[in-house]
Amino acid sequence: MGEYGRVRNGGTKNHWGLDLVALRGQSVKAVDQGTVSAVGTSATYGNYVELAHKDADGDIVSFSFYAHMDEASTLVKGEKVTSGQALGKAGNTGNADNTPTHLHFEIRTKSMPQPGQGRRDPTADVKPDNRP
């Protein structure tokens, strides 16, 4: 649906995530264990959750980000989640209100980065057997 890095809005904006088509209300699940580093609602992302992921030494190495969820998450910042744990339900909130239901998914190198910064292409991480 929406490819990473794709130029949008008449060339004024890039798409910094991967949009995965989903059914409204379909469960959005954590791609790996982590800690909730941000949770909320914004005009751009609608209802979102960001998870921090650590390596074996306990250092944060990446963040996974899930947006446009149908309802605000009941998770709270600092809460631990397990791999595959439900984070919310797919929707089209925020600036996706005129699009089909989907999950906007990002892999980030820093928490809540500015547009165009601190992200990497998650395409290689998303396969049919491990979609969030």
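**Figure 1. The salt bridge of R24 and D70.** In this predicted model, R24 is partly exposed, its relative accessible area being 46%. The side chain of R24 meets that of D70 in a salt bridge, with an N to O distance of 2.8 Å. This pair connects distant parts of the chain, 46 residues apart: R24 lies in the loop between β3 (18–21) and β4 (27–29), and D70 in the loop between β7 and β8 (80–81). D70 is likewise partly exposed, because its relative accessible area of 29% falls between the limits of 20% and 50%. By the rule applied here, the count of salt bridges comes to 4.

**Figure 2. The salt-bridge network around R108.** Side chains of opposite charge can pair when their charged atoms come close. A network of salt bridges links E50, E106, R108 and R119. E50 belongs to strand β6 (residues 46–54) and R108 to strand β10 (residues 102–108), so that the pair links distant parts of the chain, 58 residues apart. E106 also forms a salt bridge with R108, and the closest N and O atoms of that pair are 2.7 Å apart. E50 and R108 are both buried. The relative accessible area of R108 is 1%, and E106 counts as buried with a relative accessibility of 0%.

Figure 3. Of the 7 residues of β10, 7 are buried, so the strand is largely enclosed by the rest of the structure. H102, H104, E106 and R108 point one way from β10, whereas L103, F105 and I107 point the other way; all are buried. E106 and R108, which point one way from the strand, are joined by a salt bridge.

**Figure 4. Strand pairing of β10.** Strand β10 pairs with β3 in the antiparallel sense over 4 bridges, and H102 in β10 is the bridge partner of V21. Strands β7 and β10 also run antiparallel, joined by 5 bridges; here the bridge partner of F63 is R108 of β10. A further 2 bridges join β10 to strand β11 (residues 119–120), again in an antiparallel arrangement. In β11, R119 is the bridge partner of R108.

Figure 5. H68 is located in strand β7 (residues 60–69). H68 is buried, because its relative accessible area of 5% is under 20%. Apart from residues up to four places away in sequence, H68 touches T44, Y45, G46, N47, A90, G91, N92, T93, N95, A96, H102 and H104. Among these contacts are H102 and H104, which point one way from β10.

**Figure 6. The approach of S42 and G94.** S42 has its place in strand β5 (residues 34–42) and is partly exposed, with a relative accessible area of 25%. S42 and G94 are 52 residues apart along the chain, and their C-alpha atoms are separated by 6.4 Å. When neighbours within four places in sequence are left aside, S42 is in contact with Y48 and G94.

Methods. Residues are numbered from 1 along each chain as its sequence is written. This is a predicted model: local features need pLDDT of at least 70, side-chain atom pairs count only at pLDDT 80 or more; totals for chains, interfaces and linings use all residues. Side-chain values use heavy atoms; hydrogens and water are left out. Buried means under 20% relative accessible area, exposed over 50%, partly exposed in between (1.4 Å probe, protein chains only). Contact means heavy atoms within 4.5 Å. Two strands pair if DSSP finds at least two bridges between them.
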